[in-house]
Each structure stands twice: as C-alpha cells, then as structure tokens.
Amino acid sequence: MRLFLLGIALLPTLALAQPVDYFPLETTDVWVYGSIDTRSTPPDTFRLDPTRIRGSVIIHDTAYVLVSFPGVPTDTLRKDGEGRVWSRINNADHLLFDVTLQDGDTYTYPFNDYFAPGILYTVTVTRPMDTVVAAGAFSDAIRFRFDTNEVTDSNLGVILAPDVGVVYGHNGWGSRELIEGNAPRVVSTPERLEQNTLHAFPNPFSSSLTVELPRGDWQTLELVDALGRHVAAMQTAPCSTSSCRLTWDGMDVPPGVYTVRAVSPTGTLRQRVVRMR
C-alpha cells in the first residue's frame with residue numbers, strides 16, 4: 001500500500017520532466033560556424049556568416065522554422081514534444097534527428113535530391129559522446145551519421161550537443177564546427193528568482209558572469225568542469241543574506257561547458273553555463 005501511494009505521489013513530478021533539448025529552435029538563437037586549419041601557426045579560422053532562424057511558416061496548422069545548418073540537408077524544420085527534429089520534404093514530414101534513440105540504433109531518412117529520388121540514408125546514432133570544437137568541449141552529445149550505398153561519401157554526419165544544437169557538421173564537401181553560439185538561452189536581464197533556483201547570466205558568457213541565489217546559507221559557489229572537477233572559486237566568503245547576487249570575472253577560464261555549483265548545508269544547486277571565446 002505504501003509503495004502504491006508513493007507511486008501516486010511521484011506521478012506529477014514525472015509528468016513535469018522535460019526531455020533534454022538537443023536542438024534549440026527559437027528566433028533568438030544565433031550560431032557562427034567555420035573551419036579551423038590546425039596546420040597553420042596560429043591555427044587559421046574561417047568563419048561563415050552567422051546562422052540564425054530566418055523565419056517561420058505554418059503548414060497544415062503546424063509551425064516550422066526556416067534555417068540552414070552546416071551538414072543538415074534541409075531547412076524547414078520542426079521539433080516535437082519529445083525533442084525529435086522533423087524536416088519537410090516533398091510535402092511530407094521526415095524524421096531528421098531522433099534524439100530518443102539509443103547508441104547504435106538506426107533509422108532512414110530520404111536523400112533530398114531531385115536527380116536521385118527514392119534513395120534513403122541509413123542514419124546511425126552514436127551516444128553518449130564527448131566532442132571538442134572551437135566553441136569548447138561538450139559532453140553527452142549525439143552523433144548522427146548518414147550513409148547510403150548510392151552515395152560514395154560516407155562522412156556525412158552531424159553532432160548535436162544538449163542545449164546548444166549543431167556543434168559539428170560534414171556535408172560531403174567539407175566540415176564545419178561551431179565557433180560561437182547563443183544557446184543555451186541567453187538571459188539578458190535578471191528574472192525573479194523562484195525558491196531553490198540558481199540563476200546565472202548571460203549564458204553563454206564571454207567575460208563576466210552574474211550569479212543570483214535565493215535565501216540560504218551558501219558556503220561554496222564554484223565552477224566545475226564536465227567531470228565535476230573544481231575549476232574556480234566564484235566567491236571568497238559565505239553568502240547568507242536574504243538573497244545573494246555577485247558578478248564573477250571568468251576571463252581566465254578556457255572556453256567550454258561548465259557547471260555553476262552552489263553548496264549549502266541543506267542542499268546543492270547547479271546550472272550549466274557555456275564560456276565563449
């Protein structure tokens with residue numbers, strides 16, 4: 001009986017759980033891609049024009065966004081409630097990125113070429129994986145490799161990072177990697193703090209990072225890397241006022257994905273942040 005009641009109590013919590021967003025598609029998102037020539041000293045960087053959501057369109061009461069990413073063979077996209085990305089090809093939806101699949105799973109995607117109708121890619125999922133691009137290091141990423149017997153180049157592929165989107169793409173003519181991006185969501189102004197919420201902004205940040213904490217006896221505020229290792233102390237004294245707000249200089253931290261971690265005797269709060277170049 002107790003187990004049954006516990007299950008009932010957990011139902012609202014489970015219903016509120018949201019899938020990890022591997023492909024942000026908001027109108028405010030902007031990404032800069034390019035290629036890095038490591039043979040030169042210092043490495044030479046070729047930057048493409050910023051990629052952004054160009055607009056939206058309604059097709060049969062369904063909203064799509066118009067965007068073109070390196071390595072992504074379509075530009076009319078939508079995302080469903082499970083975070084999967086669909087593309088609109090020849091008046092039909094086709095599953096482009098299935099982020100719900102496990103490592104080694106496969107599915108098919110049409111080869112979108114007027115001169116090669118009916119050809120299908122076999123898309124292979126690789127996860128989880130760590131990847132390093134010009135914008136930094138990302139963990140828990142997913143790689144989607146596109147293969148077809150009719151196309152000799154089997155290097156077509158895209159890597160998605162959580163809360164960031166496409167960080168690497170190879171379209172058969174060359175590779176492009178993320179150099180800068182504004183996802184996870186940029187919060188330009190502080191929002192009202194909810195209870196038990198850590199709020200760090202702007203995110204991503206290039207130099208300084210502002211952190212707000214709710215009421216509590218916060219003994220430690222630090223930056224840790226993807227493996228949970230201490231990178232920097234963000235405050236030198238405990239913060240135990242009605243609320244805590246401080247601005248931290250992060251210029252000495254290399255670009256990458258980190259976590260702001262606040263620790264008190266009663267619990268720990270965390271928020272993932274991205275340090276840009």
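**Figure 1. Leu160 and its neighbours in the predicted model.** Leaving out residues up to four places away in sequence, Leu160 touches Tyr22, Phe23, Phe97, Val99, Ala141, Ile142, Phe144, Gly165 and Val166; contact means heavy atoms within 4.5 Å. This is a predicted model, in which local features need pLDDT of at least 70, side-chain atom pairs count only at pLDDT 80 or more, and totals for chains, interfaces and linings use all residues. Residues are numbered from 1 along each chain as its sequence is written, and side-chain values use heavy atoms, with hydrogens and water left out.

**Figure 2. The largest nonpolar core and another core apart from it.** Leu160 is among the residues with the most contacts inside the largest nonpolar core, together with Phe23, Phe97, Phe138, Phe144, Phe146 and Leu178; this core has 46 residues. At least two of its residues come from each of the strands E1 (30–37), E7 (85–89), E8 (92–97), E9 (106–110), E10 (120–133), E11 (136–147), E12 (157–161) and E13 (165–170). Apart from it lies another core, of 21 residues, including Ala200, Leu223, Trp248 and Val273. A nonpolar core here is a set of buried Ala, Val, Leu, Ile, Met, Phe, Trp, Tyr and Cys residues joined through side-chain atoms within 4.5 Å. Buried means under 20% relative accessible area, exposed over 50%, and partly exposed in between, with a 1.4 Å probe and protein chains only. In soluble globular proteins, nonpolar side chains tend to be buried together.

**Figure 3. The whole chain, for orientation.** The protein chain has 1 helix and 21 strands; helices (H or I, at least four residues) and strands (E, at least two) are DSSP runs numbered from the N terminus. Of its 277 residues, 44% count as buried. Among contacts with a separation of 6 or more, 45% are between residues 24 or more positions apart.

**Figure 4. Ala135, in the loop between E10 and E11.** Here is a friendly stop between two strands: Ala135 sits in the loop that links E10 and E11. Ala135 counts as buried because its relative accessibility is 1%. Beyond its neighbours within four places in sequence, Ala135 is in contact with Leu178, Ile179, Glu180, Pro255, Gly256 and Arg275. Ala135 and Val257 are 122 residues apart in sequence, yet their C-alpha atoms are 9.1 Å apart in space.

**Figure 5. The largest pocket.** Its volume is about 380 Å³. Of the 22 residues that line the pocket, Ser139, Asp225, Ala226, Leu227 and Val257 lie nearest its centre. E10, E11, strand E20 (256–264) and strand E21 (267–275) each give at least two residues to this lining. By class, the lining has 9 nonpolar, 6 polar and 7 charged residues; Ala, Val, Leu, Ile, Met, Phe, Trp, Tyr, Cys and Pro count as nonpolar, Asp, Glu, Lys and Arg as charged, and the others, Gly among them, as polar. On a 1 Å grid over the protein atoms alone, a pocket is an open set of points with protein on both sides within 12 Å along at least five of seven lines, a cavity is a set where a 1.4 Å probe fits but cannot get out, and lining residues have an atom within 4 Å of a point. Grid points are joined across faces, edges and corners, and a volume is the space filled by probe spheres set on the points.

**Figure 6. The largest cavity.** The count comes to 1 cavity of 30 Å³ or more, and the largest cavity has a volume of about 40 Å³. Its lining consists of Phe138, Ser139, Ala161, Pro162, Val164, Val257, Arg272 and Val274. The lining divides into 6 nonpolar, 1 polar and 1 charged residue.

Figure 7. Strand E4 (residues 55–59) and strand E5 (residues 62–66) pair in the antiparallel sense over 5 bridges; two strands pair if DSSP finds at least two bridges between them. Ser56 has Val65 of E5 as its bridge partner. The hairpin has 2 residues between the strands. One of them, His60, has a positive phi of about 50° although it is not a glycine, and Asp61, in the loop between E4 and E5, has a positive phi near 65°. His60 counts as exposed because its relative accessibility is 69%, and Asp61 counts as exposed because its value is 78%. E5 also runs antiparallel to strand E6 (residues 76–79), joined by 2 bridges, and Leu66 has Thr76 of E6 as its bridge partner.

Figure 8. Arg127 and Pro128 are joined by a cis peptide bond, with omega about -15°. Pro128 is in strand E10. Most residues other than glycine have a negative phi, and most peptide bonds are trans.
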